[in-house]
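User: I'd like to learn how to read a pocket and a helix in a model like this one. Can we go through it together?

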Amino acid sequence: MYWIWTLIVGAIIGIIAGAITSKGKSMGWISNIIAGLVGSAVGQALFGSWGPQLAGMALIPSIIGAVIVVAVVSFFVSKSNS
């Protein structure tokens with residue numbers, strides 16, 4: 001049950017990051033989950049584990065990390081398509 005909760009929270013974090021960067025409509029739900037989980041790891045590594053937590057993820061650093069991940073990935077994807 002813990003892993004399902006982690007995937008749901010990761011997906012929500014990915015959706016929020018996609019909405020902030022305006023890339024959310026081009027990402028699928030699997031990409032949102034991956035962006036949320038990777039962004040959570042990046043955000044907590046860079047900014048620590050402060051603020052409210054769900055499923056072991058600090059929400060504010062996780063969202064900031066996911067925004068960074070989505071922005072970096074969309075930058076490289078857009079460069080490879082041109």
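User: Which helices each supply at least two residues of the lining of the largest pocket?

Analyst: A caveat before that: this is a predicted model, where local features need pLDDT of at least 70, side-chain atom pairs count only at pLDDT 80 or more, and totals for chains, interfaces and linings use all residues. Residues are numbered from 1 along each chain as its sequence is written, and side-chain values use heavy atoms, leaving out hydrogens and water. Now the idea: rolling a probe the size of a water molecule over the atoms shows where empty space is left. Here, α2 and α3 (59-81) each give at least two lining residues to the largest pocket, with α3 supplying the largest share, 4 residues.

User: What is the volume of the largest pocket, and which residues are closest to its centre?

Analyst: Its volume is about 190 Å³. Of the 10 lining residues, Met27, Ser31, Val70, Val73 and Ser74 are the closest to the centre.

User: How do I read α2, and which of its residues are buried or exposed?

Analyst: Check its length, then its faces. At 1.5 Å a residue, the 19 residues of α2 (29-47) should span 27 Å, and the end C-alpha atoms are 26 Å apart, which agrees. Buried (under 20% relative accessible area, 1.4 Å probe, protein chains only) describes Asn32, Ile33, Ala35, Gly36, Gly39, Ser40, Gly43 and Gln44. Seen down the axis, these buried residues fall within an arc of 160 degrees, so they line one face of α2. On the other side, Ala45 and Leu46 are exposed, meaning over 50%.

User: What comes just after α2?

Analyst: Gly48, with a positive phi of about 90 degrees.

Terms used
Expected span 1.5 Å × (residues − 1). Arc of directions from axis to C-beta. 1 Å grid on protein atoms, 1.4 Å probe; cavity = no way out; pocket = protein on both sides within 12 Å on 5 of 7 lines; lining within 4 Å. Points joined across faces, edges and corners; volume = space filled by probe spheres on them.
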